[in-house]
Every structure is written in C-alpha cells, then in structure tokens.
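Please read it alongside the sequence and the coordinates.

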Amino acid sequence: MWWIRRKLIAEAARLVKPGGLIAFTDWIEGPAGLSQSEAERFLAFMKFPNIQDLQGYKGLLAANGCPVQVAEDTGRFGPYVDLYLDMLNRQLTYDAAADHRVRHGTDASAGGEMVFMQQLAHAGKIAQGIFIARKKQ
C-alpha cells in the first residue's frame, strides 16, 4: 500500500489549477528514522499502511509538477502528544477509551501506545511535516 500517498499527491496535483497551491500537514518519519519494529508497531496502532518522510513528499510533489516551497518539520508533534497524554491522564480517560473502542473495535487502552508514540516523537523518529507546493503554470 505504499502507493496510497503517491496517488493522493497525484490527485491533488491533477485537481489544482496551474499556479495554485497544494498545502497540507501529515505525520511523517522524522530525521532519526524508524526501525522496522518501531514502524510496524506505530503503523499498526495508527491503522496507516505506511508513512512518508520530508524528502519522499518533496519528490512526490515535484514529480507531479508542483515545486515545493515549504517542506519542514513543524516541531509540534512531540508537544501535542505530550498534551494529549496529559489530558488523557487528567480528565479524558473515559472519552479516549470510548474513542479507541469505536475506532479500533476493542476495549484496549490507547495509553500504552500513545506513550510509545511520545517516545518516538521525542527521539525524532516521527514528526509532523508541513508542505506547500505551487503547481507549475
């Protein structure tokens, strides 16, 4: 399923008018990289088939006639995971567990996997990337 993001970028480039912008954020593999076991665990929890990195998205956008103007780590992912876990521990335990049951069909707690995600984020292994590209005229 590596092709999903490739098709997504191709479709965005097809739909945007010449000179128009494509702008988005996505969770990406960070500069420290993921080991195979880390990637498998992260992707299984998130129900993602794969994850892209900064250079991968830059290449996909450029290959579709959309030179990249911005491609960078927002620096927000780690702090947002910290905030989520803090809220989870303080007040949202019931709501988060209910959301997890709805999304994943289980009664398992998301807390342990979120702590794992927090560790990955603070180790530079996953991040939030922001991308802005302009379709050629």
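In this predicted model, aspartate 26 stands opposite glycine 129 of strand β4. The pairing of β1 with β4, which run antiparallel, comprises 9 bridges, and these two strands belong to an open sheet of 4 strands with the order β2-β1-β4-β3 and mixed pairing.

**The sheet**

- The edges of the sheet are formed by β2, at residues 52-53, and β3, at residues 68-73, each of which pairs on one side only.
- Strand β3 is joined to β4, which covers residues 126-134, by 5 bridges, and the two run antiparallel.
- Within that pairing, alanine 71 has phenylalanine 131 of β4 as its bridge partner, while valine 68 is partnered by alanine 133, also in β4.

- Glutamine 52 lies in strand β2, and because its relative accessible area is 19%, under the 20% limit, it counts as buried.
- Leaving aside neighbours within four places in sequence, glutamine 52 is in contact with Arg5, Ile28, Glu29, Tyr57 and Leu60.

**Overall composition**

- The protein contains 5 helices and 4 strands, and from the N terminus on these elements run in the order α-β-α-β-α-β-α-α-β.
- Of the 137 residues of the protein, 36% count as buried, and the accessible surface comes to about 8200 Å², with carbon and sulfur atoms contributing 55% of that area.
- When contacts with a separation of 6 or more are considered, residues 24 or more positions apart account for 82% of them.

- The buried residues of α1 are Arg5, Ile9 and Ala13; seen down the helix axis, they fall within an arc of 75°, so they line one face of the helix.
- The cover over these buried residues includes β1 (21-29), β2 and α3 (54-63), whereas Lys7, Leu8, Arg14 and Leu15 are exposed on the other side of α1.

**Nonpolar cores**

- In soluble globular proteins, nonpolar side chains tend to be buried together.
- The largest nonpolar core here has 17 residues, and those with the most contacts inside it are Phe42, Met117 and Ile126.
- The elements that give two or more residues to this core are α2 (36-46), α4 (77-104) and α5 (111-122).
- Apart from this core lies another one, of 12 residues, among them Ile22, Leu61, Ala127 and Phe131.
- Phenylalanine 42, with neighbours within four places in sequence left aside, is in contact with Trp27, Phe48, Ile51, Phe116, Met117, Leu120 and Ile126.

**Alanine 121, in helix α5**

- Alanine 121 has its place in helix α5, and because its relative accessible area of 12% falls under 20%, alanine 121 is classed as buried.
- Not counting residues up to four places away in sequence, alanine 121 touches Phe77, Gly78 and Ile126.
- Alanine 121 and glycine 75 are 46 residues apart in sequence, and the distance between them in space, C-alpha to C-alpha, is 9.6 Å.

Key: Residues are numbered from 1 along each chain as its sequence is written. This is a predicted model: local features need pLDDT of at least 70, side-chain atom pairs count only at pLDDT 80 or more; totals for chains, interfaces and linings use all residues. Side-chain values use heavy atoms; hydrogens and water are left out. Two strands pair if DSSP finds at least two bridges between them. A nonpolar core is a set of buried Ala, Val, Leu, Ile, Met, Phe, Trp, Tyr and Cys residues joined through side-chain atoms within 4.5 Å. Buried means under 20% relative accessible area, exposed over 50%, partly exposed in between (1.4 Å probe, protein chains only). Contact means heavy atoms within 4.5 Å. Accessible areas come from the Shrake-Rupley method with a 1.4 Å probe; for residues, only the protein chains shown count as cover. The arc is that of the directions from the helix axis to the C-beta atoms.
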